[in-house]
Amino acid sequence: MSEDPEFHSLRRAQRRFGVRATLLSVGGFLLYVLLSHSVPGLMNQRLLGHLTLGLALGLGQFVVMGVTAWCYVRHMRTRVDPLARGLGSRLDQHEANSHRANSHRGEAAQTPQPGSRGYRTW
């Protein structure tokens, strides 16, 4: 299965999104920390009442994480899940065909055990 081009496409889709999401989330947090450390005067600027720029950017981290989580769910539903379902159904079909071929040869049908080649562990 690991040689299947569809499996490689699935892994690429997961990896590509994971790298982008991590860079966005960690980059935003790192930028916030660096700004807080290097320009505290700017971060202490009042925006409204007691709300400072630093506090607003800190609260913005929750927004960034929420948007990242929403994008992750949307990406998985639209791109990764269909690939995984297609790959899973092809694997099930292949296992059924193998089982049928073994039954026609008169070999005893055995239920795959965890760790054997016919047992899906994902």
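Student: What share of the accessible surface of the protein chain belongs to carbon and sulfur atoms?

Tutor: This is a predicted model: local features need pLDDT of at least 70, side-chain atom pairs count only at pLDDT 80 or more, and totals for chains, interfaces and linings use all residues. Residues are numbered from 1 along each chain as its sequence is written, and side-chain values use heavy atoms, leaving out hydrogens and water. The accessible surface (Shrake-Rupley method, 1.4 Å probe; for residues, only the protein chains shown count as cover) totals about 9400 Å². Carbon and sulfur atoms hold 61%.

Student: In what order do the elements of the protein chain run?

Tutor: The chain has three helices and two strands. These are DSSP runs, numbered from the N terminus: helices are H or I with at least four residues, strands E with at least two. From the N terminus on, the order is α-α-β-β-α.

Student: What percentage of the residues in the protein chain is buried?

Tutor: The chain has 122 residues. Buried means under 20% relative accessible area, exposed over 50%, and partly exposed in between (1.4 Å probe, protein chains only). The buried share is 16%.

Student: Is T68 buried or exposed?

Tutor: T68 sits in helix α3, residues 53-104. Its relative accessible area is 12%, so T68 is buried.

Student: Among contacts between residues at least 6 apart in sequence, what share joins residues at least 24 apart?

Tutor: This value covers the protein chain. The share is 61%.

Student: Which element gives the most to the lining of the second largest pocket?

Tutor: A pocket is an open set of points on a 1 Å grid over the protein atoms alone, where a 1.4 Å probe fits, with protein on both sides within 12 Å along at least five of seven lines; lining residues have an atom within 4 Å of a point. Here the lining is A13, R16, F17, R20, C71, R74, H75, T78 and R79. With five residues, the top contributor is α3.

Student: How much space lies in that second largest pocket?

Tutor: Volume is the space filled by probe spheres set on the points, which are joined across faces, edges and corners. For this pocket it is about 220 Å³.

Student: Why does L59 count as partly exposed?

Tutor: L59 is in helix α3. L59 counts as partly exposed because its relative accessibility is 46%.

Student: What separates the C-alpha atoms of G58 and S36?

Tutor: G58 lies in α3 and is buried, at 18% relative accessibility. G58 and S36 are 22 residues apart along the chain. Their C-alpha atoms are separated by 9.8 Å.

Student: What separates the C-alpha atoms of G41 and G54?

Tutor: G41 lies in helix α2, residues 40-43. G41 is partly exposed, at 49% relative accessible area. G41 and G54 are 13 residues apart along the chain, and their C-alpha atoms are separated by 9.6 Å.

Note on methods:
Contact = heavy atoms within 4.5 Å.
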